[in-house]
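Hi everyone, thanks for coming along.

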Amino acid sequence: MDWSLIIENSIKGFIGINAVYFAIAAIGLNVQFGFTGLLNFGQAGFMACGAYGLGMTAHYFGISMWWGIPIGIAFSVVLGFLMGIPTLRLRADYLAIVTIASAEIIRLVVRSVKFKTYFGGSDGINGFSDSFRNIGDDIGIVQANQYGFWPLRFTGREIWTLVVGWVVVAVVAYFVYLLMKSPWGRVLKAIREDEDAVRSLGKSVFSYKMQSLILGGAIGTMSGMIFALDRGSVQPDNYSRDVTFYILTALVLGGVAKVSGSIVGPMIFWGIFTFMDNFLRQVAKDPVHLGNFTIMKSTQVGQLNYMLIGLTLILLMVYRPQGVFGNRKEMAFDGH
Amino acid sequence: MVTENSLSEATVVARAALSGVERAPGAAKPDAILNASGVRREFGGIVAVDVEHVEIQRGSITALIGPNGAGKTTLFNLLTGFDKANTGSWAFNGKSMEHVAPHKTASLGMVRTFQLTKSLTKLSVIENMRLGATDQKGEKWWNGLFGRIWKAQEASITERAEELLNRFKIGHMRDEYAGALSGGQRKLLEMARALMTNPTLVMLDEPMAGVNPALKQNLNEHIRGLRDQGMTVLFVEHDMDMVHDVSDWVIVMAEGRIIAEGTPDDISKNPAVIDAYLGTRQGQSLLEDE
Ligand SMILES: Nc1ncnc2c1ncn2[C@@H]1O[C@H](COP(=O)(O)OP(=O)(O)OP(=O)(O)O)[C@@H](O)[C@H]1O
Ligand SMILES: [Mg+2]
């Protein structure tokens, strides 16, 4: 068993790019779900807005990649309105249904043959991120070089994306933190608990929910951008339902309605996930037998890992429903 | 019981204004802040509200009484936009309100509380109160980011909130979660929070339910205080002593309709009211003074 590899990879999982893009998406989802109580099950759709916003600059519009940032944000604002206008006046479950469906529609449209000229079909879009990569080289973080020492070793390419990614996490987190400390955040938290009480005090619940949905969505869009920049490509199937649910899992793990929870949750999620994956792969190098019954082959590691993630979540909900950072006292007043 | 010589000036004015009003359902008032006509709401086969006409006198305390299921809460819901009427029209300060959303109703100065309290249990008591303040700069997200834009306003809101909390005797609970309050304290909090909106018409749905008797007296003082500050109060209450004690005018509902109107003294002698409560004319006055 190669423990040094397991440890190195686990640390990379903990602070790596997966944790980064999950954290950004989770911060956005936390605005909607954690603070406002909106069931957005389509965060992947917002992420796709960002990724395709960047990708389409080169692939379709033929303009500088940097235009992709405002374009992606604009996409997500439009998507937020499309999701919100018909549903935010209705019961919470309707938003859930519409968001999950919208995200799937987006994925199916962007991977369709018919719209290949715009979105590149199932091949996605590649080769648009040079202007981002070059900055890394320019400031002296050479893409191909190795930096650091065990257990922290990264290529220059990885470091550059990680630095940018964590800066985005920090900025977005601080932004949301300030908002949630403000009277605006107070209205959201009140809506989460009792919409009618908020209405009776003269605030337009619909408008605040819309703002929350769009703001959280726009943050999710940034997550999609970071992910696309890291891969240097945009693939439709990276924005499927599973992604939304893993992000939600990571958020609940960290603790909803806490900005810190939405950062630490994804880190723990990917830390544990990567550890388990590496550990189980080492264990299952040779098929594991009990008597003459094969318990696990290396090809089954993935499935087992997802099962264990599910189990962890169940245990967490039973023994620590407020997550790692959640507020136990707040939980105590659930359902009065 | 309030004696004649302890009546405040506002009480005297309000009662004088109402003295000439006809003692009959739907009576016209000299200066109505709210008037409604033909308001009807059915739930399936049940006619919950069927009000032909009603007016609420500005600057007075009006009690809305009636047996359980009379339609008092439903009428509140309709007037404040929380429920949709089948038919009817009503106006607040001369402005037609049938199609006004509930939050607009509140920001126009017509604020209501709920029979089943809606304290926001996961916010602290003081945050509940601050939420009530209107026109907060920091409630726009682009301002929320910059504390210096809203901190000063927040401080003055907090000051006003603390004053109200103290007045309602829950100042010591300031930093507790509202979920930690007792049922009666929640009623008080909700009433205080509604006042944070600086309303002109306060509609209270059973504000005293679950509040201890000593504090009830105190609340009556507050309600009179609101009127003395120029507000109009419409409240639902089952405790007849309280109604008698505090209100200038009483409106009685039964089975969705308004069956009687008058001063507390008139109402306590009205056979139709006794009938509605007891379902028989043999009953003795419910509202007799002890
Ligand atoms: N949402 C609803 N669905 C069906 N029926 C309703 C609904 N709300 C009220 N009702 C019915 O309308 C009638 C009036 O109810 P309402 O709550 O207005 O009475 P109330 O005068 O406030 O009574 P209480 O003094 O007990 O609070 C009752 O018969 C009630 O069953
Ligand atoms: Mg009622």
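Predicted model: local features only at pLDDT ≥ 70, side-chain atom pairs only at ≥ 80, totals over all residues.

Let's begin with ligand 1. Which residues are around ligand 1? They are Phe43(B), Ala48(B), Asn68(B), Gly69(B), Ala70(B), Gly71(B), Lys72(B), Thr73(B), Thr74(B), Gln115(B), Glu206(B) and His238(B). Helix H2 of chain B, residues 72-79, gives the most to the shell, with three residues.

Now zoom in on some polar atoms. A polar side-chain atom of Thr74(B) is 2.5 Å from an oxygen atom of ligand 1. For Lys72(B), a polar side-chain atom sits 2.7 Å from a ligand oxygen. Gly69(B) takes part through its backbone, with a polar atom there 2.9 Å from an oxygen atom of the ligand. On its own, ligand 1 has 630 Å² of accessible area, and the protein covers 63% of that.

Let's stay with one member of that shell, Glu206(B). You'll find Glu206(B) in the loop between strand S7 and helix H8 (213-228) of chain B. Is Glu206(B) buried or exposed? It counts as buried, because its relative accessible area is 10%. Its phi is positive, near 50°, and Glu206(B) is not a glycine. As background, most residues other than glycine have a negative phi.

Asn198(B) also has a positive phi without being a glycine, at about 55°. This one belongs to the loop between helix H7 (183-195) and strand S7 (201-205) of chain B. With 53% relative accessibility, Asn198(B) counts as exposed.

Over to the nonpolar cores. How many residues does the largest nonpolar core have? The count is 86, and those with the most contacts inside it are Ile27(A), Tyr52(A), Val176(A), Val234(A), Tyr239(A) and Ile247(A). Helix H2 of chain A, residues 17-35, supplies the largest share, 13 residues. Take Ile27(A) as an example: beyond its neighbours within four places in sequence, its contacts include Val169(A), Val172(A), Val176(A) and Ile263(A). There is also a second, separate core of 44 residues, with Ile157(B), Leu164(B), Met173(B) and Met240(B) among them.

Next, two buried residues in chain A. Thr36(A) lies in the loop between H2 and helix H3 (43-61). Why does Thr36(A) count as buried? Its relative accessibility is 3%, and the cut-off for buried is under 20%. A polar atom of the Thr36(A) side chain is 2.7 Å from the backbone oxygen of Val31(A). Not counting residues up to four places away, Thr36(A) also touches Leu188(A), Ile191(A), Arg192(A), Lys209(A) and Ser212(A).

The other one is Asp230(A), in helix H11 (residues 205-231) of chain A. Asp230(A) counts as buried too, at 15% relative accessibility. Leaving out neighbours within four places in sequence, Asp230(A) is in contact with Ile17(A), Arg133(A), Arg157(A) and Thr161(A).

Finally, here is a backbone detail to look for. Trp150(A) and Pro151(A) are joined by a cis peptide bond, with omega about 0°. In general, most peptide bonds are trans. Pro151(A) is in the loop between strand S2 (146-149) and strand S3 (152-155) of chain A.

Technical notes
Residues numbered from 1 in each chain as written. Chains lettered and ligands numbered in written order. Heavy atoms only, no water. Near = heavy atom within 4 Å. Polar contact = N/O pair within 3.5 Å; in protein donor to acceptor, adjacent residues only side chain to side chain. Areas by Shrake-Rupley, 256 points an atom, 1.4 Å probe, with all protein chains shown as cover. Helix = DSSP H or I, 4+ residues; strand = E, 2+ residues; numbered from the N terminus. Core = buried A, V, L, I, M, F, W, Y, C linked by side-chain atoms within 4.5 Å. Buried < 20%, exposed > 50% of the residue type's maximum accessible area, 1.4 Å probe, protein only. Contact = heavy atoms within 4.5 Å.
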